[in-house]
Number of protein chains: 2
Amino acid sequence: MKFILSSIFLQSFAKFLYSIILGVITGWKMVNKKRNVITLKDVAIKVGVDKSTVSRALNPGTQDLLSPEVVARIRDVATRMGYRKNQLARSLRTQRTMTVGIVLPDITNTLFAPIVRGAESILEPLGYTSMIVNTDDDSERRNYLIGVLLERGVDGIIDAAPQISTTQFKSIEEHGVPLVTAIRKTDRTSIPAVINDDEEGIRLLIRYLHVRGHRKLAHIAGPETLSTGHLRLNAFRQQTSLIGLDIPENAIAYAMRFDEDEGSRCALDLLVSGLDFTAIVCANDRLALGAIKALHQSGIQCPEDISVTGFNDLPFLNLIPPGLTTIRIQQFDVGRLSAELLTRMMTNQEAAIPSTSILPVELVERGSVSKPRTNSF
Amino acid sequence: MKFILSSIFLQSFAKFLYSIILGVITGWKMVNKKRNVITLKDVAIKVGVDKSTVSRALNPGTQDLLSPEVVARIRDVATRMGYRKNQLARSLRTQRTMTVGIVLPDITNTLFAPIVRGAESILEPLGYTSMIVNTDDDSERRNYLIGVLLERGVDGIIDAAPQISTTQFKSIEEHGVPLVTAIRKTDRTSIPAVINDDEEGIRLLIRYLHVRGHRKLAHIAGPETLSTGHLRLNAFRQQTSLIGLDIPENAIAYAMRFDEDEGSRCALDLLVSGLDFTAIVCANDRLALGAIKALHQSGIQCPEDISVTGFNDLPFLNLIPPGLTTIRIQQFDVGRLSAELLTRMMTNQEAAIPSTSILPVELVERGSVSKPRTNSF
DNA sequence: TTGAAAGCGCTAACAA
DNA sequence: TTGTTAGCGCTTTCAA
């Protein structure tokens, strides 16, 4: 262990050495004097009662078993001694950690952070603490991290990083830990999912484009392994077919990741395919941003030559020209509702839990869509 | 408890009801059959050894006390039974939770998420899990949340939300929990801090502006309670004085928060003050974005009429016109180095810990700075 | 109304 | 090389 630590540290240390300008040796005290932590027993001795009595006095649920004077005295002494409950010990005894795991692809992706805040807006007041893990959409990492959460005895899991079809819930189910998926869903209806209305979003966009005269649409689809990518692609196909648009197969480019680079690559693919199109419906904002960039680099202007739409409405999007027309989703509320459902499951509220909850979306009109250049009305 | 839950839920439920389009009652199994969790004892019985032997066999550090055959057999049975260690019980016994607390102002602020990833890049391989809390820069929340972390027995804390002068470390010190501040520092040299070179950043910017002919500078300062705001303001004063620029007191506007609205407000304040200036040095990017917006709304163009600079180099900044000239900091590495120092402290490595580690910064040249309109060379 | 005792699942000191 | 035992700090029966 020591060796591992040293080597890891040395490696990084060398890298950082040049950067450590001011390196005064600190006087930080390694307070290793048997961490002066006060336990129930300490308080009990001080007050002259049994530790079980102190436990009762300090717990809101049991304090009225005791005489008010005793409770008052114990509480007084406890606060004066600086007593803090040991949640660990308590959890071991009660078999509840008051902890939930939140599984994300990547916390640095601005799409997911609000989900966490939404979930915590419900969980924190209830006394839950969350443990956030980042899978980077890597299923091996995901497995490992879920294992970590399980070992730490989380009372429930909010999973914002599931793939559509997955066997990765086996371990969670074996442990009997309540699970809700957020923003994405799986093919298991037995797992409650809270998502945005992906289909309606695409419908709104296509209708919007259609009204403005666009007839030749292309689509940059997200990963098919994710419900968001899958549902949006399906919706694209259905809606275009519904309003009678002909979509050749090469009008659909498939992104392997929801990022700008893939957006660029796909846009280029569409361009070189020789296909004639006036607008690109992108499965999310980042793909759209990448697509616009690629178009520009190819000398094609958005929206003058080709219109582009996104999905999600990331922050700061309004400041980026030409202003992406996109679909606004409710990330915070997805987190919130997920947490609400999860708390019900964790507390065995028998009330019905929807297998899927779909939050409404809204079209945000900006500058990335105009009438098609060659108006084919 | 039930009441609280119900009322909270009902409230939200009403709000969401309209939005739950598909609400099929789920068949989710409330697996309440005494969570089938395998313990050491179960494995021990199956193998026919004592649980302490199983413990030894499963722990890398103690497994060579046992005969290889026994270890192999135990490990085999354990995995086949699906045994998972109970980290809780282990922590209670070892007095180490292998958990670190990360204190942030707000995870949705793109500035802080990379710090988390940086820290985890070090902590995760070592077996640590992190608990992230958001203070919203509210000292009451902060106190409460630090209490939560302490009750949960974190082995160390990375604090990216400290105020300069604070008594809020008392509880942490009482518990003897190692602490490192990240991105911001305090006035206590006994607390190791890992920060960016705020002073050099401001110096670079002022020099850059000066070279291009700017002589009349204004500053939008961040909150003085935060080291970032404080240090950058000081650096502004020093550097301008050093190169002989006269900065009247009303050339400095004080933002109460590091956000766009305050940036706008401060820019307006500078404008109405009647002061003559050709450039605004802003204490961070968000203030700068707000300032530019306010300028535009006042019919003043950036950079044609007034130049503006930022600090931090947030993602997507390159896509926002006119392209903010700013200082790039190393968020990820701040997190990483903080974690490295913390792990050393947590493992009682006696080696010297720098009281302050300053990471280098870099000027990013974009479009928000031009020569001053009335060139006063 | 309070105390005594057991035990959550694990590790580690001491025996054997 | 393995087993026995104690106990981490807490809650929760069961008694008193």
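The model is predicted, so local features need pLDDT of at least 70 and side-chain atom pairs count only at pLDDT 80 or more, while totals for chains, interfaces and linings use all residues. Residues are numbered from 1 along each chain as its sequence is written, and chains are lettered from A and ligands numbered from 1 in the order in which they are written.

Begin by selecting DNA strand C and the 25 residues around it, of which Thr53(A), Leu66(A), Leu40(B), Ser52(B) and Ser55(B) come nearest; a residue is near a strand if its C-beta atom, placed from the backbone, lies within 6 Å of it. Helix 5 of chain B gives the most to this surface, with 5 residues (helices are DSSP runs of H or I with at least four residues, strands are E runs with at least two, and both are numbered from the N terminus).

Now turn to the open sheet of 4 strands in chain A, which has the order 7-6-8-9 with parallel pairing; two strands pair if DSSP finds at least two bridges between them. Strand 7 (252-254) and strand 9 (307-309) of chain A stand at the edges, each with a single partner strand, so one side of each has no neighbour in the sheet.

Finally, select Ile280(A), whose bridge partner in strand 9 of chain A is Val308(A).
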